[in-house]
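Subject: Structure handover

Hi,

Here is the structure for you to look at. My notes on what turned up follow below it.

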Amino acid sequence: MKGIRQLAEHLDISIGTVSRALNGKPDVNEETRKRVLAAAEQLGYVANQSGRSLRQGTTNVIGLMIQSSRETVENSDNFFLTVTGGLQSVLLRHKLDLIMLPCPHDEDPYEYLKRMVARRIVDALIISETHRVDKRFDLLAKAKIPFVALGRSLSGTQHPWADLDFDGVANSAVDRLVAHGHRRIAISAPSSDINLGFIFVEGYRRALERHGIAYDPALVIRAKSSEQGGYQVADELLRLKEKPTAVILIYELMAIGLYRRVMEAGIIPGRDIAVVSFREAPRAKFLQPALTCFRTSLHDLGVELAEILLSGMPAYSQEYPRKTRQTIWPLELIPGESDSFQLMAAE
């Protein structure tokens with residue numbers, strides 16, 4: 001069945017009546033509605049969604065923009081897959097579809113988004129990997145396209161976002177390690193200018209100050225959030241004259257590479273160096289000693305993002321009237337064996 005005209009001709013009723021029956025309009029009697037729906041199913045009729053969207057001025061599609069790079073593909077684990085599961089569970093309530101918009105690694109995210117906005121292929125957007133200064137916030141605001149960001153930005157102080165509690169993780173991890181006797185604590189930070197790195201490092205710096213520990217920039221190692229990045233972090237720390245006794249990783253997958261490098265040097269995690277990690281990566285579950293790490297429900301984070309987005313869209317805002325438009329998403333400390341030892345006072 002090619003379209004609604006052929007379906008109307010088959011039933012020998014007007015196109016308008018068929019259209020109203022398919023769309024559940026109340027001015028069509030129940031017998032006619034059943035007849036139209038039965039014929040549509042029998043003949044394989046599929047609505048022309050592009051034509052309907054053109055008439056209604058909507059696509060019923062939400063876009064999720066991510067950075068598409070080799071690192072993202074190889075090391076993303078289940079992060080975005082799990083988040084999108086939460087997103088879709090909410091969008092399904094409103095018969096909205098979700099599409100991924102992967103920005104190539106060699107293209108400026110702002111220019112990529114400009115192209116997507118010009119094409120009007122989605123009704124609203126979720127952007128991720130926000131930068132310290134991110135022009136995408138202003139672009140979407142000026143284009144009057146509803147959006148929510150997975151991550152804060154100095155550019156989006158008034159716009160909706162949900163972000164993981166990087167500051168809280170840095171503070172809690174430093175508190176835990178200091179309580180175990182550590183004073184020389186290193187951290188990993190992203191090699192890019194993604195904003196979460198600035199938040200994480202600043203939280204770490206403030207936590208050290210609370211404990212009267214001087215901030216040493218040599219202990220902040222910038223690397224990719226991957227196994228290779230973890231290997232690099234460990235290699236650089238081993239080169240320091242005064243080596244750290246503990247390290248906080250911004251991504252759990254990095255622990256695989258870090259474990260490998262320190263053990264090559266005869267240093268045993270959980271005995272000679274304490275390791276605390278951030279976020280859950282399934283492949284890291286098999287490490288020994290088991291990692292102390294911070295975890296959260298990424299599915300629920302996806303639900304939160306979707307509801308924040310819909311609360312700012314006129315067609316759905318009444319269903320989410322009390323939704324907080326900016327949320328710092330908490331993480332829970334899961335104690336492991338990688339930092340459980342107490343450092344002796346002499347160390």
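Start with the parallel sheet. Six strands make an open sheet, ordered β2-β1-β3-β4-β5-β11, and the pairing is parallel. Its edges are β2 (97-104) and β11 (326-329), each of which pairs on one side only. From one strand to the next, the twist averages 15°. Bear in mind throughout that this is a predicted model.

Inside that sheet, look at β4 (residues 147-150). Two bridges pair β4 with β5 in the parallel sense. L150 stands opposite A162 in β5. Helix α6 (residues 79-91) lies across β1 (61-68), β2, β3 (124-128), β4 and β5. The helix runs at about 145° to β2.

There is a second sheet. This one is also open and has six strands, in the order β7-β6-β8-β9-β10-β12. Here the pairing is mixed. The edge strands are β7 (220-223) and β12, each pairing on one side only. The twist averages 20° from strand to strand.

Four bridges join β6 (residues 185-190) to β7, and the two run parallel. In that pair, S188 stands opposite I221 of β7. Helix α11 (residues 227-238) lies across β6, β7 and β8 (246-248). Its direction is about 145° to β7.

Now helix α10 (residues 195-210). Does its length hold up, or what should its 16 residues span? At 1.5 Å a residue, they should span 22 Å. The end C-alpha atoms are 23 Å apart, which agrees.

Much of α10 is worth a look for burial. Its buried residues are N195, L196, G197, I199, F200, V201, G203, Y204, A207 and L208. They pack against β5 (161-164), α9 (166-179), β6, β7 and β8. Just after the helix, G212 takes a positive phi of about 70°.

The N195 side chain reaches the backbone oxygen of R152 at 3.1 Å. Leaving aside neighbours within four places in sequence, N195 is in contact with T130, H131, R132, R152 and S153.

S338 is another polar residue to check. It lies in the segment after β12 (332-334). Buried or exposed: which is S338? S338 is buried, because its relative accessible area is 0%. Its side chain reaches the backbone oxygen of V275 at 2.5 Å. Setting aside neighbours within four places in sequence, the contacts of S338 are Y259, G270, I273, A274, V275, P289, A290, L291 and T292.

On to the nonpolar cores. In soluble globular proteins, nonpolar side chains tend to be buried together. The largest core in this model has 83 residues. Those with the most contacts inside it are I62, Y204, V233, V247 and L258. Helix α13 (residues 298-311) gives the largest share of this core, eight residues.

Not counting residues up to four places away in sequence, I62 touches L91, L96, D97, L98, I99, V122, A124, I126, L309 and M313.

Last, two loop residues. A214 is placed in the loop between α10 and β7. With a relative accessible area of 65%, A214 is exposed. A214 and L43 are 171 residues apart in sequence, and their C-alpha atoms are 74 Å apart in space.

P26 lies in the loop between α2 (15-22) and α3 (30-43). Why does P26 count as exposed? Its relative accessibility is 78%, and the cut-off for exposed is over 50%. P26 and Y231 are 205 residues apart in sequence and 65 Å apart in space, C-alpha to C-alpha.

Best wishes

Methods
Residues numbered from 1 in each chain as written. Predicted model: local features only at pLDDT ≥ 70, side-chain atom pairs only at ≥ 80, totals over all residues. Heavy atoms only, no water. Buried < 20%, exposed > 50% of the residue type's maximum accessible area, 1.4 Å probe, protein only. Polar contact = N/O pair within 3.5 Å; in protein donor to acceptor, adjacent residues only side chain to side chain. Contact = heavy atoms within 4.5 Å. Pairing = 2+ DSSP bridges. Axes fitted to C-alpha atoms, helices over the stretch in contact; angles between N-to-C directions. Expected span 1.5 Å × (residues − 1). Core = buried A, V, L, I, M, F, W, Y, C linked by side-chain atoms within 4.5 Å.
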